Amino acid sequence: MKTLTFSDARLTMTAPGEFFVRLVGICAYTVLTASTALLLISRVSQLQWLGALFVLFLGDRLLHFGEAERTVSDLPGSRVNVGQSLTPRAFRALNAAVRKAKAFGQDFHLVLLLGLSDIPDIREALRRLDIPREEFLARLTEYMERSAELRHGEGVEPETDSPGTDPVEALVIAAFENARGTNEQFIEPRNLFVAATAVGHPQVGKLFRLFEVTAPDIQEAAIFGRWRKLFGPIRRTPAMLSGFAHQPKFLRHRTMNRAWTARPTPALDRYSTDLTDLARAEKIGLLIGHEREFSTLLNVIARPGKPNAILVGEPGSGKSTIIAHLAFRMVKDQVPPVLFDKRLVEVNLTELIANASTEVLAGRLGKVVEEIALAGNIVLFLPNVHDLFRLAGKGAVNPIDLLLPVFRSAAIPVICETFPREFKQYIEQRTDFLELFETVPIDEITEAEATRFLVYAALLLEREYRIVITFHAARRAVQLAHRYFRHKLLPGSALDLLKLALAKAAAERRTTLDEATVIAVAETQSKIPIQQAGTAETEKLLNLEALIHRKLVNQAPAVTAVARALREYRSGLARSSGPIATFLFVGPTGVGKTELAKILTAIQFGSKDLMHRFDMSEYQEKSSIQRFIGTPDGERTGALTDAVLRDPYSLILLDEFEKAHSDILNLFLQVFDDGRLTDSLGRTADFSNTIIIATSNAHSVYIQDEVKKGRTTEDISDELKSKLTEYFRPELLNRFSDIIVFRNLSVDEIATIAGFLIRDVADSLRETHGIELAATDAAIRRLAELGWSPTFGARPLRATISERVKSVLAEKLLRKEIDRGNAIELDVEGDTFQFSVTA
């Protein structure tokens, strides 16, 4: 393991000494240039050759002008002086900051930032971070002056670095790490700028916090400055992301290795693509993230014995990108020696098996296998290898069996690629195949890695849309895509969102894409409230109880609890993990538990379709857990996880929760706690934007008996909650945001509900037929009496209204007894309801 150090004698020189060294250097080059000219015009041939040698030397120095002594990746020894990788420009900035800080008693880090802030690529980075340059310089100057005052002893000791550490050395080492992490050749001034923000200096951190910018933000924004400088008027932006990996080369198909021992492969070439050719031509190669997976893959295919790997990951997880980067590393010889001079060849399985009979397919595969064996320099890549297994189920020859000799050969590394569902369905069953391969799971990249990917992508998109993309817009696209668009993995989901935001900005003829536009597009696409609540929504949230009570009678504790949870969520005060809120509604049937869930969905979530209802009485068997999260073989996905993946902003209603199997109840421990649930295919459903309501009729007989004794639900609430442990584990009950006991409804309250339902009938009649309907208080009261049940509460009321009102109206409409423009009054005499036309 290398030990990183930094030292440079020039930093310890006096000012006259430094001036003298520079003067000697300038004089030496001046004398050498003049001598070269004189030697070239000399008539002595030996002197002319000496002059030519000097020309080559000066040309080499000119060619590498502005470069460091060594590249970041080429520092030898176990104790490395990273100063050898500092470019002259970076050293001048560092040297000037060290001398100025010492001369004026100012803070070194702040002085360095000031000196670097005028460099074009750093100015570009600040612009992308939406940091006004004038304000930044003013604040920086203010901090420098304050630092100088502190250092001159005016009351308070200045903040210094940890004892025993050299701040200059720590900063240059951090700059080296940044240059290495972003694939820079040398340590440039921008790396020093990033390092100054990353070493944890308190004043620098405080400065950037004023602009709501973190050290990782600056590191990614510096990429904008780096490539904007390179892709100026002379060199164009690359056509694709892989152009950022290396300089373009001409396309040349190489079948022969450098030892001239390989053989041509015409049959293989017909059904394949040589990825190493594409890597040489700048078509593929850039890899962001996946370091662990790539390292595992490289170790597997370079090992003796069974050099075969199968990559398993969801679409968009980066499997093909990893393979492409392998091709890039192979053409650069940045792989183990056993892979030197090899070709990475992707077989087009669709073309290989297309329109082929059993005999033809066997012949094709036999010829291809023979060529691969004779060539001796092939690494085989089989994308969507599950397609070969599917053929076996159709009674045809199984191509896998024909290829097994290749897979068993230690001389031919093979890489396959498939998806989790197909892996479970087709491949896991073939142990003879699977034992020849190392399974490498490919996970989604992190938000930080996706942000870097989007920064590179933004440089290409800017050329296409001619719109400047701020760093905050790119970062916000990643954050929102990762949270709200889980149907697709990062970075693909974030890239799609960024393109939609660019299309919106282009339609509005804007020249800059900011994060507000990204948020607006994400909100439109996801139908989830992401922006801060506007005036209309604020008014609705503040009056949510009143809005709910327009359709729900009483049950004030439950209404207050859900309204409070939503206000906390939209104001940003909800807990960071877990759903918006989880409630257990307990009480007799027909008192409004399910109705409250329906009303809440319509008011807050905007559509009744965003309530996903599960009757837990259907999940009483242990095996029914598969209906929630999917079957192990991947043939059927989970109903619960699918619902949340499809509608991340929704309400989940779990009716008769106490009837579910205990394993399913245990499943919700994780959901209630951290808001995540992984299905059988490895997909993670995020419940952080859902409200979960579980209803239960547990101990409803106890509730009715106690009510008959004259006790209210408020009186028995605590007793009932303690009795719930007979149905639910205490740790599950403790994870609910609130447990709310619904009370029985009186006949008067049932009459109010009947009025709501009659109003719904009247609204439907008016919209559909243009007929007005009004009901007398007596009619509504009688409907309530007929529709109320001591056992079922208000549940029979809808059936009563359907029988006594809606069915009668339907007959009158069909008989043309009432028509558009009429007004009808509903009244009652005894048990007979009368409909009279009043207009």
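We are looking at a predicted model, where local features need pLDDT of at least 70 and side-chain atom pairs count only at pLDDT 80 or more, while totals for chains, interfaces and linings use all residues. Residues are numbered from 1 along each chain as its sequence is written, and side-chain values use heavy atoms, with hydrogens and water left out.

Let's start with a pair of helices. Helices here are DSSP runs of H or I with at least four residues, strands are runs of E with at least two, and both are numbered from the N terminus. The axes of α4 (residues 108-116) and α6 (residues 133-151) come within 10 Å and cross at roughly 150°. That makes α4 roughly antiparallel to α6 (an angle over 145 degrees). Which residues of α4 meet α6? They are Leu110, Val111, Leu113 and Leu114, and their partners in α6 are Leu137, Leu140, Tyr143, Met144 and Ser147. This contact (heavy atoms within 4.5 Å) divides into eight nonpolar residues, one polar and no charged.

Next comes helix α35 (residues 747-769). At 1.5 Å a residue, its 23 residues should span 33 Å, and the end C-alpha atoms are 32 Å apart, which agrees. Its buried residues (under 20% relative accessible area) include Ile750, Phe756, Leu757 and Val761. Among the elements covering the buried residues of α35 are α36 (777-787) and α37 (797-814). After α35 comes Gly770, with a positive phi near 70°.

Finally, look at Gln334, in the loop between α14 (319-331) and β5 (343-347). Its C-alpha atom is separated from that of His109 by 37 Å.

Terms used
Axes are lines fitted to C-alpha atoms, for helices over the stretch in contact, and angles run from 0 to 180 degrees between N-to-C directions. Angles under 35 degrees count as roughly parallel, over 145 as roughly antiparallel, 65 to 115 as roughly perpendicular and the rest as oblique. Ala, Val, Leu, Ile, Met, Phe, Trp, Tyr, Cys and Pro count as nonpolar, Asp, Glu, Lys and Arg as charged, and the others, Gly among them, as polar. The expected span of a helix is 1.5 Å times one less than its number of residues. Buried means under 20% relative accessible area, exposed over 50%, partly exposed in between (1.4 Å probe, protein chains only).
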